[in-house]
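Grab the sequence and the 3D view, and let's work through some exercises together. Try each task yourself before you read the solution.

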There are 2 protein chains.
Amino acid sequence: MRPVAILGIGQTIIDEQWEKSIRDIASEAVVNALHNAGRESAEGIFIGNMMSGILNSQNNLGPLVADWSGLRGGDATKVEAACASGAAAFRSGLMAVASGELESAIVVGVEKMTDRPPHEVTAALATAADADYELDMGVSFVGLNALIMRRYMHEYGWKHSDFAPFAITAHANALHNPYARLHHTITVEDFEKSAMIATPINLLDASPIGDGAAAVYIVPAESLTPGSRILVSGSASATDTLAIHDRTEPLFLTAAYKSAREAYRQAGVGPEDIDVFELHDAFTIMSALSLEASGFAEVGRGVQLGLDNEICPTGRIPVTTRGGLKARGHPVGATGVYQIVEVVQQLRGECGGTQVPEARIGMAQNIGGSGATILTHILKRE
Amino acid sequence: MRPVAILGIGQTIIDEQWEKSIRDIASEAVVNALHNAGRESAEGIFIGNMMSGILNSQNNLGPLVADWSGLRGGDATKVEAACASGAAAFRSGLMAVASGELESAIVVGVEKMTDRPPHEVTAALATAADADYELDMGVSFVGLNALIMRRYMHEYGWKHSDFAPFAITAHANALHNPYARLHHTITVEDFEKSAMIATPINLLDASPIGDGAAAVYIVPAESLTPGSRILVSGSASATDTLAIHDRTEPLFLTAAYKSAREAYRQAGVGPEDIDVFELHDAFTIMSALSLEASGFAEVGRGVQLGLDNEICPTGRIPVTTRGGLKARGHPVGATGVYQIVEVVQQLRGECGGTQVPEARIGMAQNIGGSGATILTHILKRE
């Protein structure tokens with residue numbers, strides 16, 4: 001398998017973009033990535049999206065986005081893995097270039113969610129869970145995460161405000177990201193006073209949805225000059241049961257553990273070598289679980305990293321450096337590609353006020369469902 | 001890119017399977033393919049599906065199907081390309097094995113459509129078209145195909161009954177396929193008397209939906225002994241504009257032409273070498289267009305092959321030898337994998353009453369949307 005490098009990146013703001021269709025948003029990111037890569041075309045396009053069939057009455061995004069982006073007629077594929085659709089599309093694009101089938105590809109993640117009323121969006125998001133054995137019991141997707149968080153607090157003795165640093169750090173970092181959905185800081189008091197959604201998850205534990213797209217341009221690494229290339233050094237995907245109640249240990253993200261371990265192996269590194277970690281903070285509890293399963297904290301101790309201020313850009317393991325899902329926003333199928341784009345920005349040194357000093361190795365982890373599909377990617381500048 | 005071979009196949013009947021969930025149907029095909037391959041597991045699974053999010057409230061099929069099939073925890077990816085989802089998933093699986101990332105993979109196409117009322121299914125199928133510029137005008141997916149067929153008849157002077165051989169042949173072949181949805185023969189009179197759906201497409205021009213799944217087990221070709229291997233010799237995907245009105249020549253399937261040409265090039269063959277061709281006869285007009293764009297007939301002359309009886313198993317270019325979409329049935333996201341399975345059956349000599357004599361090279365062509373995404377695969381026994 002030949003190594004693959006990222007040549008260009010592109011993104012759109014995350015917001016309520018009512019004046020644009022899903023094709024417009026996706027194409028804006030693609031065109032930005034083309035410009036950033038200094039290319040005019042690509043041999044294939046891979047699209048990460050979860051809900052366009054439900055929320056936009058639009059499937060078959062492949063030819064649509066290819067056409068609208070000026071790539072009419074080429075190879076185009078859509079990949080879906082719930083909230084991990086973006087990283088799954090990135091991995092599919094990697095395979096195509098790594099196999100030698102394509103010499104260049106664009107991966108774009110896109111979601112347009114704000115045209116529909118909230119109850120429809122909630123129902124659409126719930127399709128990430130087990131329809132027959134979870135949804136039919138009346139639980140929502142946030143409800144499932146709330147069950148995990150409540151059990152975690154009970155099991156390991158944390159109180160709700162201990163999770164605040166994940167949200168506070170994300171909001172602070174997003175101030176420096178012009179593409180972010182939210183541009184305001186929050187305090188522990190805000191966090192504690194925020195409206196309850198599904199006990200113990202309140203509004204500031206949860207990430208906001210939005211309309212947005214992010215894209216990367218990938219090529220064989222051998223086509224670039226060594227030195228400042230952004231190499232994809234590790235790519236791994238693992239799954240768990242879709243329903244939480246089928247797991248022997250529901251407080252441990254087994255799929256995160258497996259995919260991180262495999263990505264570390266491929267890259268020849270360990271958690272201690274990771275300079276920046278874009279994790280999947282859809283809810284604050286997921287930040288803790290992701291840090292634990294990926295080897296940055298002992299089981300049940302992920303929360304402590306936040307309390308110790310180790311997750312800020314100058315900490316031991318900087319996370320959500322561009323705002324994360326919490327403040328940059330979570331346009332579901334796009335999120336995994338935003339994470340990759342943001343790791344590239346860190347490795348290029350383009351992050352200004354939230355730049356991690358001398359970042360050379362970065363990791364992105366994208367979670368689909370309540371831990372059912374987890375992809376880990378490691379990028380290196382070299 | 002290392003060559004890939006098909007080691008095992010599996011399928012389910014296509015019917016109204018109200019007693020089974022989508023996970024049951026998919027898993028039945030996967031387990032059948034595992035048995036057929038003589039394997040107990042696979043490193044990855046690729047799932048082709050179009051509408052589970054809309055019709056089954058179930059996205060994220062990757063971990064669900066992996067788990068239910070006994071492959072809990074492995075790499076699992078879902079691919080969507082409307083009616084071409086099956087072939088698109090097959091191509092993604094190919095890349096993963098060809099790249100060296102995986103040593104084995106299962107590709108399964110699945111759709112469960114009959115639990116919902118017909119108007120919901122019609123709306124779900126319509127998401128294969130352009131939501132903003134076709135659907136918003138009030139046209140259905142069959143309506144779009146009807147526009148193409150009417151123009152074709154006008155342009156090239158064919159009458160409706162000239163398309164009958166495509167449907168008659170498919171029904172005759174399906175009699176020999178125990179998995180087929182329909183097991184009755186039809187006549188030209190039946191064809192002409194059938195209920196109109198969207199002029200000029202009537203019920204017997206159109207393929208029936210259904211619940212079903214098909215699967216293949218793929219491995220590196222180098223792991224098998226030459227002689228009776230089923231090699232994937234050509235794999236290509238091409239797209240066109242999603243909306244028909246954006247095409248300069250709406251009566252020519254440009255994406256079929258491109259993908260067939262590339263698959264021929266990879267396989268080192270031409271149309272004259274193809275012993276069996278599983279084409280995408282969602283509507284009779286699509287059979288004609290597919291034969292023309294793939295080099296089996298001059299433009300505007302595809303219908304003649306049916307009238308000349310050249311499409312039966314002993315004809316010049318046998319098509320729909322197991323019943324095709326018309327009579328085997330069209331469980332949308334599964335169809336592309338059924339086609340691959342059926343070509344394998346032909347190359348193995350397992351087709352009994354519809355066996356193509358000495359079949360050695362077979363082709364499958366899967367169409368998503370009204371010609372927007374078209375994948376062509378060529379298999380060789382060697």
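Some ground rules come before the start. This is a predicted model in which local features need pLDDT of at least 70 and side-chain atom pairs count only at pLDDT 80 or more, while totals for chains, interfaces and linings use all residues. Residues are numbered from 1 along each chain as its sequence is written, chains are lettered from A and ligands numbered from 1 in the order in which they are written, and side-chain values use heavy atoms, with hydrogens and water left out.

**Exercise 1. A helix in chain A**

Task: Work out how the span of helix α4 of chain A compares with the expected one, and how covered the helix is.

Solution: 
- Start with the term: helices (H or I, at least four residues) and strands (E, at least two) are DSSP runs, numbered from the N terminus.
- Next, find residues 85-98 of chain A, the 14 residues of α4.
- Then take the span: 20 Å from first C-alpha to last, close to the 20 Å expected at 1.5 Å a residue. The expected span is 1.5 Å times one less than the number of residues.
- Now check the cover. Buried means under 20% relative accessible area, exposed over 50%, and partly exposed in between (1.4 Å probe, protein chains only). On that scale, 14 of the 14 residues of α4(A) are buried.
- Finally, step past the end: just after α4(A), A:Gly100 has a positive phi of about 95 degrees.

**Exercise 2. Closed spaces**

Task: Find which residues line the largest cavity, and which helix gives the largest share.

Solution: 
- First, the rule. On a 1 Å grid over the protein atoms alone, a cavity is a set of points where a 1.4 Å probe fits but cannot get out, and a pocket is an open set with protein on both sides within 12 Å along at least five of seven lines; lining residues have an atom within 4 Å of a point.
- For volumes, grid points are joined across faces, edges and corners, and the space filled by probe spheres set on the points is taken.
- The count is 8 cavities of 30 Å³ or more, and the largest holds about 90 Å³.
- Its lining draws on both chains, with A:Phe46, A:Asp75, B:Arg91 and B:Met95 among them.
- Helix α4(B) gives the largest share, 4 residues.
- To sort by class, count Ala, Val, Leu, Ile, Met, Phe, Trp, Tyr, Cys and Pro as nonpolar, Asp, Glu, Lys and Arg as charged, and the others, Gly among them, as polar. That gives 6 nonpolar, 4 polar and 2 charged residues.
- Move on to the second largest cavity, of about 70 Å³. Its lining includes A:Met50, A:Lys78, B:Met50 and B:Lys78, and α2(B) gives the most, with 3 residues.

**Exercise 3. The largest pocket**

Task: Say which residues lie nearest the centre of the largest pocket.

Solution: 
- The pocket has a volume of about 710 Å³.
- Of its 29 lining residues, B:Leu125, B:Ala206, B:Ser207, B:Pro208 and B:Ile209 lie nearest the centre.
- Helix α5(B) supplies the largest share of the lining, 4 residues.
- By class, the lining has 18 nonpolar, 7 polar and 4 charged residues.

**Exercise 4. A charge over a ring**

Task: Find what lies over the face of A:Trp68.

Solution: 
- A charge sits over a ring if NZ of Lys or CZ of Arg is within 6 Å of the ring centre and within 35 degrees of the ring normal.
- In chain A, A:Arg23 lies over this ring, 4.6 Å from its centre.
- In chain B, B:Arg23 lies over the face of B:Trp68, at 4.5 Å.

**Exercise 5. Cis or trans?**

Task: Decide whether the bond from A:Thr199 to A:Pro200 is cis or trans.

Solution: 
- As background, most residues other than glycine have a negative phi, and most peptide bonds are trans.
- Here omega is near 5 degrees, and the bond is cis.
- A:Pro200 sits in the loop between β5 (196-198) and β6 (201-202) of chain A.
- The bond from B:Thr199 to B:Pro200 is cis too, with omega near 5 degrees.
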